[in-house]
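Me: I have a model open and would like to talk through its features. Could we begin with the loops and then move on to the contacts between parts?

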Protein chains: 2
Amino acid sequence: MCLNLRKAGFPLSIYARRPEAVQEVVDAGATLVDSPAAVAQASDIVITMVTDSPDVEQVILGPKGVLEGVRPGMVVVDMSTIAPATARKVGEACAERQVGFLDAPVSGGSQGAVAGTLTIMVGGERPTFERVLPVFAAVGRPENTLLVGPVGTGQVVKLINQHLCGVIAAGTLEAFVLGVKAGADVETMARVIGSSSGGNWQLDNPIRLRAFSGTFEPGFFTDLLVKDLRLVLQMADQLKVPVTLGAVAMQMYEVARAQGYGRRDYTSVVRHLEEVAGVEVRVRPQS
Amino acid sequence: MCLNLRKAGFPLSIYARRPEAVQEVVDAGATLVDSPAAVAQASDIVITMVTDSPDVEQVILGPKGVLEGVRPGMVVVDMSTIAPATARKVGEACAERQVGFLDAPVSGGSQGAVAGTLTIMVGGERPTFERVLPVFAAVGRPENTLLVGPVGTGQVVKLINQHLCGVIAAGTLEAFVLGVKAGADVETMARVIGSSSGGNWQLDNPIRLRAFSGTFEPGFFTDLLVKDLRLVLQMADQLKVPVTLGAVAMQMYEVARAQGYGRRDYTSVVRHLEEVAGVEVRVRPQS
């Protein structure tokens, strides 16, 4: 994403806990600084992208955090996937300093990040959104960059997507294990179901690329999907809404983590099912 | 489907338990006869399409059934959705009389049946399949009419599709109820998720048409999806394969039936979730 921002001509200051992780970005002309506050001092728009809610609080609200370097009129954009309540808390802290805030989580995986074709779900006010649009255009598809509501709503829509991602991938793989055990061919099932009422993005993309091939190369870590499903269940709990299938799917990914697949692609959820059924859901490469 | 066969020029004999149900087909030139055996006597290819496994056994193997009217060299095609084991049993009974058999369940709903654009998943032998292709071409899309394996495999692939249909529809609606409760807009969620990793056919078609509109006009009866999921769970039980998400989804549709939605569209599974959450997942028509 940083490389795509550089390609689009934006001057860039960058902070990372592990500076060696951003060497390629520095080589592309970004200035490495020593704190989130220093990024804010050097910038008009600050983007944060970290793992979970406490990380966002630390990097924006904590010591040497973004808010220690901001000036009134700036904009802070958090592109992490975190709790909507945390996004609202950070948004309020920004507003107190007359700083705009957008929560702008993305979808599209490492592939979309590299290609600059991410989907971006934005929560915030329209003037702030419009000011950041040129930046979003450098990392995502403009037609899939949408203002979805007030601050926090970007996270809500992202978590709903992650719920579906988790349920659909686990459900599709569970069904395919049964189909293989019952004598059907994986490629044929994928072709028929892909053009039928069971068709879904998970089947056509991560499942085909990373489960049918047996590589389970991430893609997207099982650990991160579990984190996202945990956020879904926390939000549902706070709102008193049952998400039965989401809760069951999360337990299936916990099995994958217990088997050592936390840092593998989340489609590795199929491994346990394959083992108990005594079959494998694979497509042999064409010779 | 009968009307499409007539349109394609096939002479047609027809039997129905309730003759008044096929008046339109008779008006289109089909000959009404008084038993499945009489259909077989008048035909080279016999198609059965009924609700469940026992119905297929009765209409093909029972008194005055298809097998009482067949001649060697004919083909029997069952297009119902039933247990793969029943398809194999009927296929063996046909083979004993030197009659070909195909199990050929369809996907695409009443809409696809009317338009002649069904997906057809066929189990059986290739020469038999090729002989029936012109008939399939009158009711389905040729590019989605596939021989998927030996007798019974058509049903396996159909049931895998129905598992996905059930899990994905219930999962998507569960997620949307949570999203609405958390303050997101239905149309916006559908647009963003439809172009993201949670995208699926259920969202773009039955859910959009029949749940977001609040009509729950079938479509496809909740009762029939429960029947299909029951077949999935029976097959999984026989093969000792856990289908956890499929089992949970089935219970959600049982709730819809208990609420009186058995003869409504299966997307009515959302009603119970809406009631407990105190929200509705609707899109207001554009004025």
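Me: Where is B:Gly219 placed?

Reply: In this predicted model, B:Gly219 sits in the loop between H10 and H11 of chain B. A cis peptide bond joins B:Pro218 and B:Gly219, with omega at about 15 degrees.

Me: And which bond joins A:Pro218 and A:Gly219?

Reply: A:Pro218 and A:Gly219 are joined by a cis peptide bond, and omega is about 10 degrees there. A:Gly219 lies in the loop between helix H10 (201-211) and helix H11 (222-239) of chain A.

Me: Which phi does B:Phe216 have?

Reply: B:Phe216 is not a glycine, yet it has a positive phi of about 55 degrees. The residue is placed in the loop between H10 and H11 of chain B.

Me: Is B:Phe216 buried or exposed?

Reply: B:Phe216 counts as buried, because its relative accessibility is 4% and the cut-off for buried is under 20%.

Me: What about B:Gln98, and what is its phi?

Reply: B:Gln98 has a positive phi of about 55 degrees and is not a glycine. It is found in the loop between helix H5 (84-96) and strand S5 (100-103) of chain B. B:Gln98 counts as exposed, because its relative accessibility is 58% and exposed begins over 50%.

Me: Changing topic to the two chains: how many residues does the contact take from chain B and from chain A?

Reply: The contact takes 60 residues from chain B and 60 residues from chain A. The area buried between the two chains is about 5,000 Å², and carbon and sulfur atoms give 73% of it.

Me: Which residues in chain B lose the most area to chain A?

Reply: They are B:Leu178, B:Ser197 and B:Leu245, which together account for 14% of what that side buries.

Me: How many salt bridges are counted there?

Reply: The count between chain B and chain A is 0 salt bridges. Polar contacts are found, however: 23 residue pairs across the interface of chain B and chain A, both residues at pLDDT 80 or more.

Me: Which elements give two or more residues to the side of chain B that touches chain A?

Reply: Among them are strand S7 (118-123), strand S8 (140-149), helix H8 (153-181) and helix H12 (244-258) of chain B. H8(B) gives the most to that side, with 21 residues. The residues of the side of chain B that touches chain A divide into 35 nonpolar, 21 polar and 4 charged.

Me: Over in chain A, where is A:His163 and what is it in contact with?

Reply: A:His163 is in helix H8 (residues 153-181) of chain A. Leaving aside neighbours within four places in sequence, A:His163 is in contact with A:Leu229, A:Val232, A:Val243 and A:Gly246, and with B:Gly171, B:Glu174 and B:Ala175 of chain B.

Me: Buried or exposed, that histidine?

Reply: A:His163 is buried, with a relative accessible area of 0%.

Me: And where is A:Glu274?

Reply: A:Glu274 is in helix H13 (residues 270-277) of chain A. It is buried, at a relative accessible area of 2%.

Me: Which side chain does the side chain of A:Glu274 make a polar contact with?

Reply: The partner is the side chain of A:Arg282, at 2.7 Å. Apart from neighbours within four places in sequence, the residues in contact with A:Glu274 are A:Val177, A:Val279, A:Glu280, A:Val281 and A:Arg282.

Me: Last topic: which domains does the assignment give for chain A?

Reply: The assignment gives domain 1 (2-151) and domain 2 (156-277). The contact takes 13 residues from domain 1 of chain A and 11 residues from domain 2 of chain A. The C-alpha centres of the two domains lie 29 Å apart.

Me: What area do domain 1 and domain 2 of chain A bury between them?

Reply: They bury about 1,000 Å², 65% of it on carbon and sulfur atoms. A:Thr81, A:Pro84 and A:Met121 supply 42% of the area that domain 1 of chain A buries against domain 2 of chain A, more than any other three residues.

Me: How many salt bridges and polar pairs lie between those domains?

Reply: The count between domain 1 and domain 2 of chain A is 0 salt bridges, and 4 residue pairs are in polar contact across their interface, both residues at pLDDT 80 or more. On the side of domain 1 of chain A that touches domain 2 of chain A, the residues divide into 7 nonpolar, 5 polar and 1 charged.

Terms used:
Residues are numbered from 1 along each chain as its sequence is written. Chains are lettered from A and ligands numbered from 1 in the order in which they are written. This is a predicted model: local features need pLDDT of at least 70, side-chain atom pairs count only at pLDDT 80 or more; totals for chains, interfaces and linings use all residues. Side-chain values use heavy atoms; hydrogens and water are left out. Domain bounds come from an automatic or database domain assignment. Contact means heavy atoms within 4.5 Å. Buried area is the accessible area (1.4 Å probe) that two parts lose on being put together, summed over both. A salt bridge is a side-chain nitrogen of Lys or Arg within 4 Å of a carboxyl oxygen of Asp or Glu. A polar contact is a pair of N or O atoms within 3.5 Å; within protein, one must be able to donate a hydrogen and the other to accept it, and residues adjacent in sequence count only if both atoms are side-chain atoms. Ala, Val, Leu, Ile, Met, Phe, Trp, Tyr, Cys and Pro count as nonpolar, Asp, Glu, Lys and Arg as charged, and the others, Gly among them, as polar. Helices (H or I, at least four residues) and strands (E, at least two) are DSSP runs, numbered from the N terminus. Buried means under 20% relative accessible area, exposed over 50%, partly exposed in between (1.4 Å probe, protein chains only).
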